[in-house]
Structure formats: structure tokens, C-alpha cells
Amino acid sequence: MSLLTIPRETLVWLMVAQVLVILPHLAHLPLWIVALWLGCGLWRVRIYRMQASYPPGWLKGLAMLVVGAGVYLSHDGLVGLDAGVTLLIAAFILKLVEMRSRRDAVVVIFLGFFAVATSYLFEDGLLAGLFSLLPILALLAAMIGLQQSRLFGRPWPAVRLAGGLLLQAVPLMLVLFVFFPRVGPLWSLPQAQTRGTTGLAEEMAPGDIAELSQSGELAFRASFSGELPPRAALYWRALTFEQFDGRRWARGPSSHVMRAPAWTPQGAPLDYSVVMQPSGQPWLFALDVPELPGGEAQLMGDFHLQRSRPVEAALMYRVRSWPAAVRQPRLPQSVARAGLQLPAQGNPRSRAWAAELKATHPTPQAVVEALLRHFNQAPYVYTLKPPPVGEDIVDGFLFDTRRGFCIHYAGAMTFVLRAAGIPSRVVVGYQGGELNEAGNYVSVRQLDAHAWVEYWLAGRGWVRVDPTFQVAPERIEQGLVEAVPEERALFDDSAIALLRYRDIGWLNDLRLKWEGINYGWQRWVLGYQGDEQLALIQRWFGSVDYRALGAGVVGALAIGMAVLALVLFKPWRNVRDRQREGYARFEQALARHGVRRQPGEGPRAFGERAAQRLPERAEAILAFVRQYEAQRYAGQTADSVALDRALRRVCRQLRWRAARSRGE
Amino acid sequence: MSRFSRHRDRWLDKRIPRAKSVVLSQRSIFILPTRMGVAFLIVLGLILLAAINYQNSLAYAMCFLLGSVYAVAILHTWRNLAGLRLQSGRTHPIFAGEQAHPWVRLESRSRAHQAVALGWQRAAMTLDDVPARGACEIELALQSERRGWLRPERLRVESRFPLGLFVAWSWVDLDIAVLVYPRPLEGEAPTVQGGEGDEEGARVVGVGADDYRGLVAWQRGDSLQRLHWKAYSRGRGLLVKDFAALAGSDLLLSFDALGGDPEARLSLLCHLVLAASDAQQRFTLQLPGRTLGPGEGAEHQERCLQALALHGAPAERAAA
């Protein structure tokens, strides 16, 4: 390009694009980047107004060093996704100041595109995706500005054209998005740090789960292909806690066994798919007993699902669950030992009570039922704010305070069962969820976090039992918020907003609709990876034949381009150039009589020469040429009729001459 | 000229024949990615890698969106040239060593054509916009070196609009031909070449005060150089010095009478023709095998200069 300066509208659009590119990144950029950005933006404007000069070389070097040091300090190093993105944004900001030539502008634009792509790694919601169209539009407009011939154009035509280009690109993009083969990661890359994710953890003290339960943040959604099971049956297992040290419950050995124990499917299975929010933990959520056809995770020794990598981005998986399955009918020694483990001492009252229960009840099942009856009849209170208990937390809870949360009930029951010689463990996960009837799916939030108990009976295997149900059945049947109506003040903002919406009918409908849209986005766009793609293609085409598929995609792209070309070129609107056609016929007619136009000979010169050679026809020839010239060059309106008439006269006379010369 | 470019030119001559007016169509437009277009693909590749490694659907979508924009840009860039009519105009003759300024008219038959560049060298292209159903004229510069017909090579017309990712171009031969007269070289006009038996004229050159005949009233068309300013200042009105135009004593400018290198002789003759015309002298130009005149006036001068320009050249363009 001969012009090296950057046109004004390019500069305008680049500055706009910079704002739009950086905005979504602000959440994870260090604050000093904003200061750098403002300073550089002001400088650039001053350069444009000729009030400042370009930064000198030493200052650029210094700025790079300072940025490097800043990134190092803010992110504890220069490696990692966050540090990389900060460096990218800093380069994007600094390059804009020192940009002089069009080539520099191209570099800035490309950096901008890449920065937009990296923003998806942090935030990939529907709104973020739609918003990112704006910086892309501005960057394209800047690219168009670079190509324009005038340095001072108006900025709007460029952005209109950019919008047109984007719209025309959408159909091709959809074809590519659906059919482009998805492969797994080629190599592992640093992941975005999952910021402030709340959720279940490896080990929990009673207070942790109560705190978790105060958040309205989404944990996962599950959509069922058949009818939605009743709420009370939705026990989403995440982990089991087998080890108790007197204060905390933690994962035991069988939750690290990489092999599923024996289990027999029974009853009707449930088919559903789960879209999980990033949790930063490697386990997945499912109803008992899950099978994953996609093989995303391993069913572990305690029937929980574990993946090799933590879930750092939204994850979608399909599950088939057998709720009535018989699990581990024969208990290996090691598992039995773990299921009976108790600290050597502590909680003497509970141990004594367990011994008494064991003595008075003939079977383990009877002990369990007695315990449940106790929870149901004794004055227990379900609360998120349990009062502090002493050193022996089980004794304190069972016999003194009798106020607690699900983990208290589950922990206490497991303790007593174990003391009575019944293998048992605490299961944590989520219970229930918000049913969205319209979409046939369940949204499960952090406040649905729950803990329950499973115990082992010879012949029946592991059996689930929920002591909380005995104390506060509304927790299971309706939800936590209904279970503790007077403790609303404890919930965090997201949970409170949720509660407020619930009270206003139409607003709640709106919220549910929005949730549905988001869920669709997650399922169909974000979750559209390998298996989903295969499933979709199989549904559409029956089978997946890669060769046919590839040919089909190429064909679809070609047809798309052809349709677009037709729309763009509108060949049916092509005006025929009647004047030129007429002139060509005129030349042909004269050529038949030996008068050929010389290269470079204009119409008038040619006409005059022809008139000399054919003096009898001179008048007709010159009349045509005059008409042609007048229409063609003198800006007279095209009048094809008059031109045709003149041409016909020439041809007629030439024919007559030909006939006469033959007659001679 | 290399063999390749000869082949290319022959191919182009068939594909886009020479014409005063050319409408760019699919036969004549070529399109390829620019360096920027290749760099853009590399950026898309990086975004695709990020999408694959992070399993990020939005990054995939963005990569595909920009890839589709890339494909759409092919059509837009191509369309920006398609249907454009280029037409060359008549260019005035120049003297060797001067710059000719042929102009080309770009005319749109339907849509606007933005940022169309025109030129002989890629480094020096002239950029302009053609409005919808309108036209613009671009003046080009062409350096002449030798006398004769100056016929530039094919003209490159290109466009990178809208995104600069592709360049669509065509090589058109708009039949631009500039007549280049010899460079006028001032020099001593040799007086009679005595002793050679050359009896054709009394003098080779004879513009001098000797022929001064008197003052006559100025008429439109008389050269201002011959105005008698002194008489004017004395209030005698506009008078011109009348030089002898005696029958038989016309100026004879003869190629054969001059010595030296033929090109130098032509240059000198060019100068003499101009001088004689300026002096409104009747003169005859004698070239080997051709005699022009005697005559005077602009038309005669033009014919003489043209003969000088084309002396020795094949007579292909005499008609033009």
C-alpha cells in the first residue's frame, strides 16, 4: 500500500475496539493495567492531535520492562494463562501508542482478535459470547478503514460494511461449527484459575457445608430424556466420607480405588445429561448408580465418579443411572474396616447409646429404624446456625443442643451406626434442585448441597438413608429455603435474589426462561464437543461415514459460497452494454467490406477512414459514428433505439452495395 | 524480458486483448491472498489451536466466523473490480525525456468500486474511488526516453478492498500510445554545405535579419515574438516585423545536409522545426525518402514532428 499513514477512522475504530476488547478481561486483569491503558490512550489521542510525539525507543524498552515486572509480581511468574493474557493485553495497549504505519495497525488488529479469543477462556456465557461480537466488529471496521483511499472518511460506512461481512459469514460459520471435527486437546495448557468457586471439598467440617448452602450459585444442570423423577429421589452423589477424626469427615480409602465394585442393575434406568459448572475439582455428579457411555470419568470404589483432570470449564456428560441397583452385596474386608472406623476415644455417650441400641434391637435394619425414629420424635431442630458444641461434637449434638444441619445428622448417624457395628459412611453431594418444567431439566445450586448416610446390609448391599428427612422433610420435598424460613438473612446475594424472584410470579417466569436459554447455550454451544457432535451427526444422517461427511461439508460450503456469490453479484441485474454491442456489429459489418479498424484507432478516425473507402455509404457511416460518439463520450443519454436505427441503415446500405457489386 | 514474462504476455494478450476500453470480468480478474491475508490465516490457526486445547466452543466459533469472513472477503474483493470499465483517453505528444500524462477513466456501471489502484509499478499506484454509476479519471505518469511511439506495458489495476486480505488485480492493455517527438537539441544550424553539389536550396537554414522586409499590421495568429515593441511604445499600434517569405527562398531543413549521429540530426531538426514554426517561417522538411512541405502553421509542424518521431520506424501507426 502506497499510503503508510493510518487513516483517521482506523484509529477511531481501533480505540473503540481496544475498549471493547479489554472490558471483558477487566475481571482478571491487575489494576495497574487499567492505569497503563488510560495513560496510553491519552497519549495516543495527543499524538493524533499533534500535541505529543511518538514514544522514544528508550521509553518503549522501559515500558516493556515495567510491564514484564508488573506481570511477574501480579501473577507470581510469567507462565500461566493469566500472566499470558495480561502480557497480551499489555502488548495490545503499548502497540497502539507506538503504532505509526499501516503495518503496525495490522499487528494491533491481529493482537486484538487474539485477545478476544482468550477472553472466552475466562467467560463463555451467552452474554459474553454476544458481547464479543462488538470488538470483532470494531476490529473489522478498523481493517476496512486501512484499505480506504481517503484518510478522512466517515466511520459509519466502515462499520456497516463490517457488519454486512459478519452477517454474510454466519451461514458458513454455522456449517463449519457443526461439522468441523472436534479432537481432544493436543497438549495440556495452563488453565484459567477458577476464581472463588464454591463447592464441595475433599474434606469437610460440619460448618463448611452450612456455609456452602448459603450460596445461590449454580452447581450443575441435568436434563432428563424421560419424565422427571420426584424431587425426593434426586440424591446427586459427589463423594463419600469414610474417615472421621473426631472433628472432621474426610475421604477414605475406597474413594481412591480406581475400580467400581460389583453391582447389579435393577429396575428402570434414568437417562439424563448433566452440564456442570467449573468446580476446580475432579469429581462429577450423578444419581446412583451411574454409567457414563462417554467415558468422561471413572466409577470409583465408593460409587462416585472421578475424572483425571479437574473440571476447569463447563463440562457436559451423559449418564444412565440405575437407582434401584444392588451395590456391593459382598463387602470386602478392607471396605468393611473402613466402614467401621472410629476414633479411638471420644463421644462416650454416643458409644454407650449405640451399644444399647445394638443390644435391644435384633437386626441392623432395626437399629437403623430406631435411630430414624429417634430423629423424628426427639425435639431436633434443622438450622443453618447450629450453636457451638464442646469437644465431643457428636455427643454435644445428639444429647445437648439437638440443633444442626444435614452434615450434623448424617455424621452423628454414621457415628452411632459404626459404634453399633454397622458399616456405614457419609455421602456428600446435592439433593433436589429447581425443576424447570418447560425445559424438563433440574438446576442444582450450591444451596442444594447435602449430606446423607449409606449403610451396608448383608444381601442388600449399600442402602441410602437420610436422617435429615426425619427432622425436616420439607428440606427434601421442597428445598433448603423452605426448610429454614426464618434464617433467610444468612443467604448470600445470589441466593437472596433467587428468593426474591421466587416471590414474584412473572419475574420468576422470566428468570426461568433466561435460565433455560443459558442452559441451552451451555448444552448446545459450549458442550458441543466430540461426543455431542457425533451424536448430532448420527441423529441427522443415521451413520457417520467420515468420507461422505467430509464431501458433504465441502459441498455445503461450496453451495453456500455460490449462493452468496449470486446474492453479491446479482448477475441478473447486469446491464447489457448496448452501445458497445452496436459498435461491435458496426465494426463487423465494415470488416466484411475490407475496412478493418486499426489498433488504437478511435471511432471517429475509423469512421472517417471507412467513409473515404466507401464514399457512397459515407453519410450513413458518419451518422452512426456521430450517434455513437454522442452517446458514449458526450454524456448524452443512452438511446439504444436511435443507435440501432443508425446501425441498421449502415448495414442495409452495405448489403445493397454488396448485392450491386455482385451484379456487376 | 525473461521467457516467462514473454509467455505471460502472450497469454495475457489472448485473455485480455488490447482495447481502448476494457470491462473487467471473470476472465480478466485474478485474486490471491496478500501477505496480510496469510498472516490473518496464521492468527486463525493460533485461535484454532487455543480452541482445541481448551476445548472452548466459543473460540471455535470465533475462528470459524473469522474464517468465513475471510472466504466472504474473496467475493467482496473480487466484486470490487468486477464490472469496472477502464478507458484510456488520447494523450498529447511529448518530447523525448518529458513525462507523458495519459489518463484513464474508471467508470462504474452499477455499484461503487472503492479504493481501486492503478499504475505500472506496484510501488507507485494511484488510488481512487469510483462512485456508483459514476466515473473518475486518474492521471498517470509515464517517463519517455526515446522518440517514436511510447507504448507502456500492461497497466496493473488492483484492489484490496474491503479487508486487505486479498488482492484482486488485472493487467489491462488500454492501447495507450504516446507519440514521442525527438528531444529538441539546440545547436548551430550549419550554413550552406558548400562544395557538395547540393543544389536543392539556397540555404539550409535562413532565419535571420537579412530577410526583414518591413512592418505590417498585427493579425490574429502572428507570433508575439515578432511584435515590434518599440513601435508599440511609440503609439504606432501593434506592428509585426515582416520577414521575407520570398518564393523559392523557403527554408529547407534536410536530414542529409546535417552531419553526425542520426538521432542527433533528428533532434536538431526537431529544434529547427520548432524554431521555424515559432518564426512563422515556411519550411520544407526533407527526410530520406520523404519530403514534407513546403508549408507552415501548426498542422504542418505537427506533421513534421510526427515524421521526425517516427523516422525509421515501421509505418504501422501512420493512420493513427
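User: In this model, does A:Arg445 count as buried or exposed, and at what relative accessibility?
Analyst: The model is predicted. Buried means under 20% relative accessible area. A:Arg445 falls under that cut-off, so it counts as buried, at a relative accessibility of 5%.

User: Which side chain meets A:Arg445 in a salt bridge?
Analyst: A:Arg445 lies in strand β18 (residues 441–445) of chain A, and its partner lies in strand β17 (residues 434–436) of chain A. The pair ties together parts that are 11 residues apart in sequence. The N to O distance is 3.5 Å, and the partner is A:Glu434.

User: How many residues apart in sequence are the parts that A:Arg221 and A:Glu515 tie together?
Analyst: The side chains of A:Arg221 and A:Glu515 meet in a salt bridge, at 3.7 Å from N to O. A:Arg221 lies in strand β2 (residues 218–224) of chain A, and A:Glu515 lies in helix α19 of chain A. The pair therefore ties together parts whose separation in sequence is 294 residues.

User: Are A:Arg221 and A:Glu515 buried or exposed?
Analyst: The cut-off for buried is under 20% relative accessible area. A:Arg221 has 4% relative accessibility, so it counts as buried. A:Glu515 has 13% relative accessibility, so it too counts as buried.

User: How far apart are the closest N and O atoms of A:Asp271 and A:Arg320?
Analyst: A:Asp271 lies in strand β7 (residues 270–276) of chain A, and A:Arg320 lies in strand β12 (residues 315–321) of chain A. Their parts are 49 residues apart in sequence. A:Asp271 counts as partly exposed at 28% relative accessibility, and A:Arg320 counts as partly exposed at 34%. The two residues form a salt bridge, with the closest N and O atoms at 2.9 Å.

User: How many salt bridges does the structure hold over all chains?
Analyst: Some salt bridges share partners, and these join A:Arg237, A:Glu242, A:Asp288, A:Arg327, A:Arg425 and A:Glu454 into one network. Over all chains, the number of salt bridges is 28.

User: What is omega for the cis peptide bond that joins B:Phe161 and B:Pro162?
Analyst: B:Pro162 lies in chain B, in the loop between β12 (155–159) and β13 (166–172). The bond from B:Phe161 is cis, and omega is about 5 degrees.

User: What is phi of A:Asn347?
Analyst: A:Asn347 lies in the loop between α10 (333–340) and α11 (348–360) of chain A. At 2% relative accessibility, A:Asn347 counts as buried. Its phi is positive although the residue is not glycine, with a value near 55 degrees.

User: Which strand holds B:Ala115, a residue with positive phi that is not a glycine?
Analyst: Phi of B:Ala115 is about 50 degrees. At 4% relative accessibility, B:Ala115 counts as buried. The residue lies in chain B, in strand β7 (residues 113–121).

User: Which helix gives the most to the positive patch?
Analyst: The surface patch of positive charge gathers A:Arg592, A:Arg645, A:Arg648, A:Arg652 and A:Arg655. A:Arg655 counts as exposed, at 56% relative accessibility. The most, 4 residues, comes from residues 640–663 of chain A, which form helix α25.

User: What accessible area do the residues of the nonpolar patch have together?
Analyst: The patch is formed on the surface by A:Leu127, A:Leu130, A:Leu133, A:Trp514 and A:Ile517. Two elements of chain A give two or more residues to it, α6 (126–131) and α19 (505–526). A:Leu127 lies in helix α6 and is exposed, with a relative accessible area of 55%. Together the patch residues have about 480 Å².

User: What distance separates the centres of domain 1 and domain 4 of chain A?
Analyst: Chain A is divided into domain 1 (8–168), domain 2 (203–494), domain 3 (530–572) and domain 4 (578–663). Taken over C-alpha atoms, the centres of domain 1 and domain 4 are separated by 62 Å.

Note on methods. Residues numbered from 1 in each chain as written. Chains lettered and ligands numbered in written order. Predicted model: local features only at pLDDT ≥ 70, side-chain atom pairs only at ≥ 80, totals over all residues. Heavy atoms only, no water. Patch = residues over 30% accessible without salt bridge, like charges linked within 9 Å, V, L, I, M, F, W, Y side chains within 5 Å. Areas by Shrake-Rupley, 256 points an atom, 1.4 Å probe, with all protein chains shown as cover. Salt bridge = Lys/Arg side-chain N within 4 Å of Asp/Glu carboxyl O. Lys, Arg positive; Asp, Glu negative; His and termini not counted. Charge placed at Lys NZ, Arg CZ, Asp CG, Glu CD. Buried < 20%, exposed > 50% of the residue type's maximum accessible area, 1.4 Å probe, protein only. Domains from an automatic or database assignment.
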